[in-house]
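I opened my notebook to record what I looked up in this structure.

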Amino acid sequence: MKLNWAELLVVNNPMRVLEQRLEVGWMKKHARLSPGGSFLEIGCGRGAGATIIREQFSPSFLCATDLDPMMMNRALRYLKGRVTRNISFCAADGLYLPLADGVFDAVFGFGVLHHIPDWQGALSEIARVLKPGGIYFLEELYPTLYQNFITKHILLHPEENRFGASDLQKALDGAGFSVRASFQLKFVGVLAVLEKVS
Ligand SMILES: C[S@@+](CC[C@H](N)C(=O)[O-])C[C@H]1O[C@@H](n2cnc3c(N)ncnc32)[C@H](O)[C@@H]1O
């Protein structure tokens, strides 16, 4: 689901970049990936996360994708004048990635799963494109934050099939991920580093 005006304000600002920097720093400590791998980001938005991932992990290739072509245009504007070596952008639905099986060393998803009505399907898709032993870096929010009595009038999200911490954990187990590290903020969301084990 595409973002409405309110969430565009939430994600397209310098505080969000700072937050993502801190998050990627935390993720890096829990997944020592050698430079030079193939990386994918789903729901990349305006591309700030992709530049941080490139800087921190030095992949040989980072494919940054988003459902919304307007976000791709924003990303191209945001990246003008920044170092973008090895990053390529393409519009794609996280639920139907036009990518081969088992090709990525790492997949990143910052705040995207809770925008996808069939988020369990997207988890299977992420597991499909990861190599065995590949890492899934996840940042997610819970409905207690984005669908409470105030935020449900301002933000736009799918209303059915929402997930909290235990639903997410169950679906991650089902998709074949094991948790390397996680940081839960009760009623807010989670940061996690997951490994594809089966
Ligand atoms: C909350 S924003 C996060 C953007 C960026 N990752 C960030 O952290 O600033 C969610 C992004 O997911 C994208 N999105 C929504 N549904 C999607 C889907 N089914 N597949 C891929 N991207 C999707 C939206 O267009 C939006 O750019």
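**Entry 1: a definition first.** I need to know what pairing means here. Two strands pair if DSSP finds at least two bridges between them. I also remind myself that the model is predicted.

**Entry 2: strands 6 and 7.** I started with this pair. Strand 6 and strand 7 run antiparallel, and 8 bridges join them. Q184 stands opposite V190, which lies in strand 7. The two strands form a hairpin with 3 residues between them. I looked up F187 there. F187 sits in the loop between strand 6 and strand 7. Its phi is positive, about 65°, although F187 is not a glycine. I noted the background: most residues other than glycine have a negative phi. Is F187 buried or exposed? It counts as exposed, because F187 has 12 C-beta neighbours inside 10 Å, and the cut-off for exposed is 12 or fewer.

**Entry 3: the parallel pairs I checked.** Strand 2 (residues 61-66) pairs with strand 3 in the parallel sense, over 5 bridges. C63 has S88 in strand 3 as its bridge partner. Strand 1 and strand 2 also run parallel, joined by 4 bridges. In that pair, S38 stands opposite F61 in strand 2.

**Entry 4: why is strand 1 largely enclosed?** I counted buried residues.

**Entry 5: the core.** How many residues does the largest nonpolar core have? It has 45. Among those with the most contacts inside it are F39, V107, I126 and L194. Helix 5 (residues 119-129) gives the largest share of this core, 6 residues. The buried residues of helix 5 are W119, A122, L123, E125, I126, A127 and V129. Their cover includes strand 1, strand 4, strand 5, helix 7 (165-174), strand 6 and strand 7. Then I followed L194. Beyond its neighbours within four places in sequence, L194 is in contact with residues including I135, Y136, L172 and F177.

**Entry 6: around the ligand.** I found 23 residues surrounding the ligand. The closest are G43, G45, L67, G94 and F110. The shell divides into 11 nonpolar, 6 polar and 6 charged residues.

**Entry 7: L191.** L191 is in strand 7. It is buried, because 20 other C-beta atoms lie within 10 Å and the cut-off for buried is 20 or more. Leaving aside neighbours within four places in sequence, its contacts are E23, W26, E139, S182 and F183. The C-alpha atoms of L191 and D93 are separated by 22 Å, and the two residues are 98 residues apart along the chain.

**Entry 8: two loop residues.** G37 lies in the loop between helix 2 and strand 1. G37 is partly exposed, with 18 other C-beta atoms within 10 Å. Outside four places in sequence, G37 is in contact with P59, S60, D105 and A106. S58 is in the loop between helix 3 and strand 2. S58 is partly exposed as well, with 16 other C-beta atoms within 10 Å. The phi of S58 is near 45°, a positive value in a residue other than glycine.

Note on methods: Residues are numbered from 1 along each chain as its sequence is written. This is a predicted model: local features need pLDDT of at least 70, side-chain atom pairs count only at pLDDT 80 or more; totals for chains, interfaces and linings use all residues. A nonpolar core is a set of buried Ala, Val, Leu, Ile, Met, Phe, Trp, Tyr and Cys residues joined through C-beta atoms within 7 Å. Two residues are in contact if their C-beta atoms, placed from the backbone, lie within 7 Å. A residue is near a molecule or strand if its C-beta atom, placed from the backbone, lies within 6 Å of it. Ala, Val, Leu, Ile, Met, Phe, Trp, Tyr, Cys and Pro count as nonpolar, Asp, Glu, Lys and Arg as charged, and the others, Gly among them, as polar.
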